[in-house]
Amino acid sequence: MTDDRLVDLIPALPKVVLHDHLDGGLRPQTVLELADAVGHRLPAEDADSLGTWFQQAADSGNLVQYLETFDHTLAVMQTPEALARVAKEAVLDLAIDGVVYAEQRWAPEQHLTKGMSLGETVEAVQAGIDEGIAEAAASGYIIQVGQLVTAMRHADRWQEIAELAVAYRDRGVVGFDIAGAEDGFPPDRHAQIWRFLADNNFPVTIHAGEAAGVPSIAQAVHLGQADRIGHGVRIVEDIDFGTDDDGSPLATLGPVAHWVRDHQIPLEVCPVSNLQTSATSAKSIKEHPITRLKELDFAVTLNTDNRLMSRTSMSNEMRLLVTDAGWTLDDLADVTIAAAWGAFLHHDERRALVEQVIVPGYQKIEGAKL
């Protein structure tokens with residue numbers, strides 16, 4: 001199958017996204033309208049210009065500066081109505097892009113300036129998700145969406161947010177995360193919460209291996225007992241890439257890389273975002289380590305991170321890997337199936353997602369080998 005033909009087919013492929021930030025996926029027009037309603041000043045006055053500003057501001061090559069763009073999205077997400085609208089539109093945008101399962105991560109503690117309680121923020125987001133799923137279904141799109149409740153690393157509310165996540169486990173919340181400035185704020189900052197989450201049989205994903213290296217990943221999987229790693233691309237720093245005697249590529253894994261691969265801990269890789277924040281030394285999608293990690297049989301999943309800041313989508317991430325890194329239809333199927341098996345669902349639900357949705361969706365495409 002030619003690259004051009006595969007690119008044309010990508011929008012119709014079933015997709016799974018595990019790493020997509022609610023406050024990083026707003027529509028530019030929605031940001032404008034919500035900002036006008038609350039009197040928040042923006043750096044641009046029309047949707048196209050605002051979308052360009054977010055992308056250019058995020059192209060700093062520095063995670064801390066990248067995160068500053070969220071000052072504007074968070075400023076307009078401080079009421080139940082705004083949270084519900086953003087959540088609903090996120091679901092619709094993902095569904096139209098072919099996403100059949102998504103986890104939306106966000107930090108309730110960042111949405112309290114107008115008086116909402118933590119519980120009210122979770123309920124507002126769930127109301128929007130439910131409305132989005134219903135509207136998508138009415139238009140012929142079937143999608144499942146769960147919330148990933150996140151605690152900010154630099155704050156000291158980890159235990160409170162972990163308890164919030166567990167309290168809402170049967171009301172839309174499927175897992176817990178820590179996010180924000182990774183370097184200097186490791187999982188052992190509040191080590192007791194990982195025992196709390198494990199005792200409550202609650203799924204965990206941890207941002208690691210983005211702004212900090214292998215020790216951060218090691219803490220995530222050992223102390224944090226993470227079921228998945230958010231980004232994780234710096235695991236390559238624990239891999240010695242070379243060649244054998246006949247010049248063939250050779251990779252020697254260090255202990256952390258072995259652990260992650262041996263246990264098939266899913267890596268939530270976000271190629272476009274990783275280039276923006278310099279999470280990898282790669283300067284292009286072709287050089288991005290996602291391809292090597294997949295070839296080495298790590299449990300690689302493909303994700304968007306922040307659709308607004310990266311001006312991306314799951315279809316765009318797939319397209320770039322096909323055109324720039326030589327990925328095939330089977331490669332796209334592999335990362336989609338890996339994501340489905342890594343979803344924070346029960347085993348029977350994961351199997352149904354794979355066998356009843358993803359595999360049939362790919363088998364419709366000529367040349368797929370599943």
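Predicted model: local features only at pLDDT ≥ 70, side-chain atom pairs only at ≥ 80, totals over all residues.
**Entry 1: the whole protein**

I began with the inventory, which gives 17 helices and ten strands. I then looked up the radius of gyration: it is 20 Å, close to the 21 Å that the globule rule gives for 370 residues, so the protein is as compact as a globular protein of that length. I also noted the span of the C-alpha trace along its principal axes, about 65 × 45 × 40 Å.

Next I turned to burial. Of the 370 residues, 56% count as buried. The protein exposes about 15100 Å², and I noted that carbon and sulfur atoms supply 48% of that area. For contacts between residues at least 6 apart in sequence, I found that 74% join residues at least 24 apart.

**Entry 2: the sheet β1-β2-β3-β4**

I went to the open sheet of four strands with the order β1-β2-β3-β4 and found parallel pairing. Its edge strands are β1 (15-21) and β4 (173-179), and each of them pairs on one side only. Neighbouring strands in this sheet are turned by 20° against each other on average, direction ignored.

I took the pairs in turn. Strand β2 (residues 99-106) runs parallel to strand β3 (residues 144-152), and six bridges join them. In this pair I found Q104 opposite Q147 of β3. I then noted two helices that pack on the sheet. Helix α7 touches β2, β3 and β4, and its direction makes about 155° with that of β3. Helix α17 (residues 347-363) touches β1, β2 and β3, with a direction at about 125° to that of β2.

Strands β3 and β4 also run parallel and are joined by six bridges. Here M152 stands opposite A179 in β4. Is β4 enclosed or open to the outside? I counted seven of its seven residues as buried, so β4 is largely enclosed by the rest of the structure.

**Entry 3: Q126**

Is Q126 buried or exposed? Its relative accessibility is 13%, and buried means under 20%, so Q126 counts as buried. I looked up its contacts, leaving aside neighbours within four places in sequence, and found Q147, R171 and G172. Q147 is also the residue that Q104 stands opposite in β3.

**Entry 4: the sheet β5-β6-β9-β10**

The other open sheet I looked up has four strands in the order β5-β6-β9-β10, and the pairing is parallel. I found β5 (205-208) and β10 (300-302) at the edges, each pairing on one side only. On average, neighbouring strands here are turned by 30° against each other, direction ignored.

The pair from my opening question belongs here: strand β6 (residues 228-231) and strand β9 (residues 267-269) pair in the parallel sense over two bridges. Helix α10 (residues 214-222) packs on this sheet and touches β5 and β6. I noted that the direction of α10 makes about 170° with that of β5.

**Entry 5: the nonpolar core**

In soluble globular proteins, nonpolar side chains tend to be buried together. I looked for such a group and found a largest nonpolar core of 115 residues. Which of its residues touch the most other members? They are F176, V260 and F298. Helix α6 (residues 80-96) gives the most to this core, with nine residues.

Leaving aside neighbours within four places in sequence, V260 is in contact with I217, V221, I229, I235, I265, L267 and F298.

Most residues other than glycine have a negative phi. I noted two residues with a positive one.

- N201 is not a glycine, yet its phi is about 55°. I found N201 in the loop between α9 (192-199) and β5. N201 counts as exposed, at 63% relative accessibility.
- S278 has a phi near 60°. I found S278 in the loop between α12 (271-277) and α13 (290-295). With a relative accessible area of 41%, S278 is partly exposed.

Note on methods
Residues numbered from 1 in each chain as written. Heavy atoms only, no water. Pairing = 2+ DSSP bridges. Axes fitted to C-alpha atoms, helices over the stretch in contact; angles between N-to-C directions. Contact = heavy atoms within 4.5 Å. Core = buried A, V, L, I, M, F, W, Y, C linked by side-chain atoms within 4.5 Å. Buried < 20%, exposed > 50% of the residue type's maximum accessible area, 1.4 Å probe, protein only. Rg over C-alpha atoms; globule rule 2.2 N^0.38 Å. Areas by Shrake-Rupley, 256 points an atom, 1.4 Å probe, with all protein chains shown as cover.
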